[in-house]
Amino acid sequence: MSELFLRTQMLLGKEGMDKLHNTRVAVFGIGGVGGYTVEALVRSGIGTIDIFDDDKVSVTNLNRQIIATMDTVGRYKVDVMKERALSVNPDVVVNTHKCFYMPDNADEFDFSVYSYIVDAIDTVTGKIEIITRADKQNIPVISCMGAGNKLDAAGFDVADIYDTSVCPLARTMRRELKKRGVKSLKVVYSKETPISPDSMFEEIQMQSDRKGMPKRIIPGSTAFVPAVAGLIAAGEVIRDLSGK
């Protein structure tokens, strides 16, 4: 047994660790939430991880993203995350996908190869595509709801999407998934009422999300709230896959 996972094996056992080593997990979105998810998955012994994100590290990521440093600004997030993962566990297999996952490129990816999927993106269209495709193939998913404009890191809970309340993103997802016949979905969400960012930032809040996509409101965020959501998601993946 590698000393790297000694403390984890004390809790999960050899069989649990073997299960984690033999699984392949996909994480969509390597930002404030998804970056911490990948970090925890690597440190828990997941054998293969696919990471999806087309964005580059920016200065505005420094306040909350584990891969963001002055040295990584301007680099692709998936490249930085892979480099970090290998610096922790040289044996982990990390497949990088520099893409913004949406319906128009969804057919390029085969979900059947994954043992578990983590949805940590903030675009409703992309989230729905991930969840509905996984649902059709019976691949377990945990989806992260809104972590922006919040300050209570202890306010998160894990529930079925249809048992959520307060969270505006969860409300939208409940409606859209019900239309598509998705009967159940595990989510990480917060009941904290979102805070309205200071009005002095109104102009910079509205910006184009992606080329050809409508403008969206950019939320305020902190170093601790998205991190907690990401770690909770990783914990659910580890427990489910290890059988604990």
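This is a predicted model: local features need pLDDT of at least 70, side-chain atom pairs count only at pLDDT 80 or more; totals for chains, interfaces and linings use all residues.
How close do the axes of α2 and helix α3 come, and at roughly what angle do they cross?

View 1. The axes of α2 and helix α3 (residues 77-88) come within 9 Å and cross at roughly 25 degrees. Because angles under 35 degrees count as roughly parallel, α2 and α3 are described here as roughly parallel to each other, and α2 passes α3 in a right-handed crossing. On the α2 side the contact is made by G35, V38, E39, V42 and R43, which meet M81, R84, A85 and V88 of α3. Sorted by class, the residues of this contact comprise 5 nonpolar, 1 polar and 3 charged.

View 2. Strand β1 is itself mostly covered, with 4 of its 5 residues buried.

View 3

**View 4. Parallel pairing of β1 with β2 and of β4 with β5.** Strands of a sheet pair through backbone hydrogen bonds, in either a parallel or an antiparallel sense. Strands β1 and β2 pair in the parallel sense over 5 bridges, and within this pairing the bridge partner of A26 is D50 in β2. Strand β4 (residues 116-119) and strand β5 (residues 141-144) likewise pair in the parallel sense, over 3 bridges, and here the bridge partner of V118 is I142 in β5.

**View 5. The crossing of helices α1 and α7.** Helix α1 (residues 6-21) and helix α7 (residues 225-242) have axes that come within 8 Å and cross at roughly 105 degrees. Since angles of 65 to 115 degrees count as roughly perpendicular, α1 and α7 are therefore roughly perpendicular to each other. In this contact L12, G16, K19 and L20 of α1 meet I238, L241 and S242 of α7, and by class the contact has 4 nonpolar, 2 polar and 1 charged residues.

Key. Residues are numbered from 1 along each chain as its sequence is written. Side-chain values use heavy atoms; hydrogens and water are left out. Two strands pair if DSSP finds at least two bridges between them. Helices (H or I, at least four residues) and strands (E, at least two) are DSSP runs, numbered from the N terminus. Axes are lines fitted to C-alpha atoms, for helices over the stretch in contact, and angles run from 0 to 180 degrees between N-to-C directions. Angles under 35 degrees count as roughly parallel, over 145 as roughly antiparallel, 65 to 115 as roughly perpendicular and the rest as oblique. Contact means heavy atoms within 4.5 Å. Ala, Val, Leu, Ile, Met, Phe, Trp, Tyr, Cys and Pro count as nonpolar, Asp, Glu, Lys and Arg as charged, and the others, Gly among them, as polar. A crossing is left-handed if the near helix is turned anticlockwise from the far one by less than a right angle, and right-handed if clockwise. Buried means under 20% relative accessible area, exposed over 50%, partly exposed in between (1.4 Å probe, protein chains only).
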